[in-house]
Structure formats: C-alpha cells, structure tokens
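Subject: Handing over the structure

Hi there,

Here is the structure I promised to pass on to you. Have a look at it first, and then read on for my notes on the aromatic rings and the nonpolar core.

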Amino acid sequence: MAITRFKRLRQSLEDLFPERHLYVRSGGEMRGYVFSTGKQLICAAGVAAAALWMGVCTAAMMVNALSVSSTDQMVIKQKAYYERLNADRQARLNSAVAQLSASSGSLDELANSVEKRHAALALLVSDFKGVPGAAQALQISKPHTLGASPVERIQATRMDQERLIDAAETFAKSRAERLRMAMRMAGLDAGSFTGRGGSSLGGPLIEAKDPRALAAVLDVDEDFASRIQHAATDMSDMRKLSAASQKLPFYRPTGNPALSSSYGVRFDPFTHRPAFHSGLDFPGSFYTPIMATAPGVISFVGVRSGYGNVVEIDHGNGFKTRYAHLQAASVRVGQRVAIGQRIAAMGSTGRSTGPHLHYEVWVNGRAQNPNRFLKAGEYVQQAS
C-alpha cells in the first residue's frame, strides 16, 4: 500500500516537473543541458525557502517598527509635556518682553513688577498654612537673583511662580481627592460637604468664578489667575472635607482594635438563631475607657432595653453614635464632648455575655455599618 502511494507521488512530481532539455548555441557549437525532475525539485525548494525567509524577516521588521513599548510611550508623553511646558514658559517670557518694548518703561521696572507678583502668589499660598504636609510641598524660596541681569531675574521669578502654582494645584487636588475617597468608603456623598461659593484668597474675599477680579488683585494675567482659581477651589474643597471629617465618627471608641462581633446577621448568643446585629462589639475588661468617636452633644444617658447602660451622642447633620453595655457613664445630657474624650467605662450590663462595648452609628435615623466609618478614619489619618 505504501509502495503504491510512493509511486503515485513520484508520478505526480514527474508530471509536475518533467525532464527538460536546454540547448545553448555558442561559437558554432551546440551544447545541451538536462534538467531532471530531482534537480527541478531542489531548485524549487531553494526558491521556496528563500521566499519564506524573506517573508519572516519582513514581518519581524514590520512588527518591530510598529510596536512601541509602554515605557517608550511614557517617555514620549513626558518629553512632549515638558516641551509644551518650556514652550509655554518661553512664550510668557517673550510676551513680557514684548509688552516692555511696546511701552516706555524700563526692563528693571518690569522685573520689579514680576517680583511683586511673586510676592502676591506667596501670600496666596500662605492660605495653606496649618494644613498637614503643606509646608513641605509649598515651600517658598525667593529666587537667587543677586547680581543677575533683569532678563535673568524675570525668568527665574516666573519659573518659581510656575513651580509654586503647580505644587499648589497638585497638593490641594490630591488631598481633596483622598478625603473624597474616605467619604465614599463611609458611604457618604462628598458633594454635600463641599458647597461651591466664595474663597478667601490672599486676604480679600473674591468670588472663585471671577478670574478677572483675581487677576486685578494679584496683578497677573487671566490665564495665571484661572490656575490660581482652580487651586483655590480644590483648597476650599480640601478644607471643607477636612473640617467635615473632624465632625464625623471616624475615631475608634476604644484603644483595642479587635472585634468580637461584626455588623450584620449573626447567631444570637442567647437564642443561637440568626439575628441582625446593628453594631460592632469591642472586647475588653471592666472599666476600659470608652471615647467619643466625634465631637458632639450628649443626647441620652440611661438604660435602654437589651442595651443596658447607654450613652448616645448627637454629632449634628443627622449623625448619632450609641455606646452600650456600659459599666458607668462619665458625662451628662447636654454636655458637649470633643473627639477622643472619655465618656464612659466598659461593662456588661443589659443583654450581654461578658464585658464589651456595643457600638452603633446612626445616620438620619437608620443604623449604618460602623466598620465603614472606622476604615474611612484610618484612610483620613494616612492622608494627614
């Protein structure tokens, strides 16, 4: 069977590549060349191999030319960004020199004017004082222009202005975004804490939506004033979110981070049946200090069914916290407490199997998962 197939294959190849004769006449002589089937097959194989090799090399070259690594793309983007930045700064400088040429003022006067704008920007950045991390990120350093020419003074001062406004925009935006993330972790809408309005910029109250007024006060162009506006808006949001986070129950009620029971459905320790648990249980020993998780006013001190001795704090804006199974309370109704202030001692009163704190967070009359607020608080502390 195999011999028959081999014979058929051989016959097919002989039909495809029959023996060929080539006659060449040169100098009155006739020469003949015979191309057998085997020689023709060798030549065809060589041509096919060469074509395949050329195809592979061409494809590899095209793939290599078209494929750019992610690192190369990042380098190209960064290069393009800095080229645009340098071009923008050079254009600003050229514009300033052109304004000088069109006026009757001197180059020294223009340099002094630019340095005054630098001082105005420094006053604006001073609004960040008191914000953790702002002193390092927005350090003010007067450019070293002693003995420099007026053009060098202009360029050095404008470069430092660009650095300052870039740093202010980046710092305010990143910190505001981090606080927004903490709000989302707690299940809250950050927009409800950052109403848009006026921003106190460098002393005078200027509407953030009016860059022309800001440009007039700071003696800068409108484009630069618009960048200051964005930085001021982010700074305003950052301050409002930071202030709001200080009023929300982000603090831990005990020094022990461990939990003995979580929020949600669990097996009741008395009935041994599934039941909803509306808070977190923190284990500890009798008389372990219990602290307020946010500033507020004591709204209830007494006994509640199943909870035993209870202290409740109203934090305003619909937020309330409840501390249960207490051994004793150290506050009274109507008393204002600060964040981290001791309000009670851990106990085992009410429906309890041992000393622990049952802690609840309520928003607009509905119990929430306190663990979300604790994680948000940890995230806020990392941003500080």
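Let me start with Tyr-323, which is buried, with a relative accessible area of 0%. Please keep in mind throughout that this is a predicted model.

**Aromatic pairs**

Searching the whole structure turns up four aromatic pairs. One of them joins Phe-319 and Phe-373 in an edge-to-face arrangement, with 6.5 Å from centre to centre and 80° between the planes. This pair links distant parts of the chain: Phe-319 belongs to strand β11 (residues 319–329) and Phe-373 to helix α9 (residues 370–383), 54 residues apart. Phe-319 and Phe-373 are both buried.

Tyr-323 has a ring partner too, namely Tyr-359; their pair is tilted, at 5.4 Å centre to centre and 45° between the planes. Tyr-323 is in strand β11 and Tyr-359 in strand β14 (residues 356–363), so the pair ties together parts that lie 36 residues apart in sequence.

**Charges over rings**

Arg-304 has its charged end over the ring of Phe-300, 3.9 Å from the ring's centre. Arg-322 lies over the face of Tyr-307, and here the distance to the ring centre is 4.8 Å.

**The nonpolar core**

Which residues touch the most other members of the largest nonpolar core? Among its 38 residues, they are Ile-290, Val-311, Ile-313, Tyr-323, Ile-343, Leu-357 and Phe-373. Several elements supply at least two residues each, including α8 (222–245), β10 (308–316), β11, β13 (342–346), β14 and α9. Helix α6 (150–185) gives the most, with six residues. There is also a second, separate core of five residues, which includes Ile-165, Phe-224, Ile-228 and Ala-231.

**A closer look at Val-311**

Val-311 lies in strand β10 and is buried, with a relative accessible area of 0%. Leaving aside residues up to four places away in sequence, Val-311 touches a list of residues that includes Ile-298, Phe-300, Val-301, Tyr-323, Leu-326, Ile-343 and Ala-344.

Enjoy exploring it!

Best wishes

Key. Residues are numbered from 1 along each chain as its sequence is written. This is a predicted model: local features need pLDDT of at least 70, side-chain atom pairs count only at pLDDT 80 or more; totals for chains, interfaces and linings use all residues. Side-chain values use heavy atoms; hydrogens and water are left out. Rings of Phe, Tyr and Trp (its six-membered ring) pair if their centres lie within 6.5 Å; planes under 30 degrees apart count as stacked, over 60 as edge-to-face and the rest as tilted. Helices (H or I, at least four residues) and strands (E, at least two) are DSSP runs, numbered from the N terminus. Buried means under 20% relative accessible area, exposed over 50%, partly exposed in between (1.4 Å probe, protein chains only). A charge sits over a ring if NZ of Lys or CZ of Arg is within 6 Å of the ring centre and within 35 degrees of the ring normal. A nonpolar core is a set of buried Ala, Val, Leu, Ile, Met, Phe, Trp, Tyr and Cys residues joined through side-chain atoms within 4.5 Å. Contact means heavy atoms within 4.5 Å.
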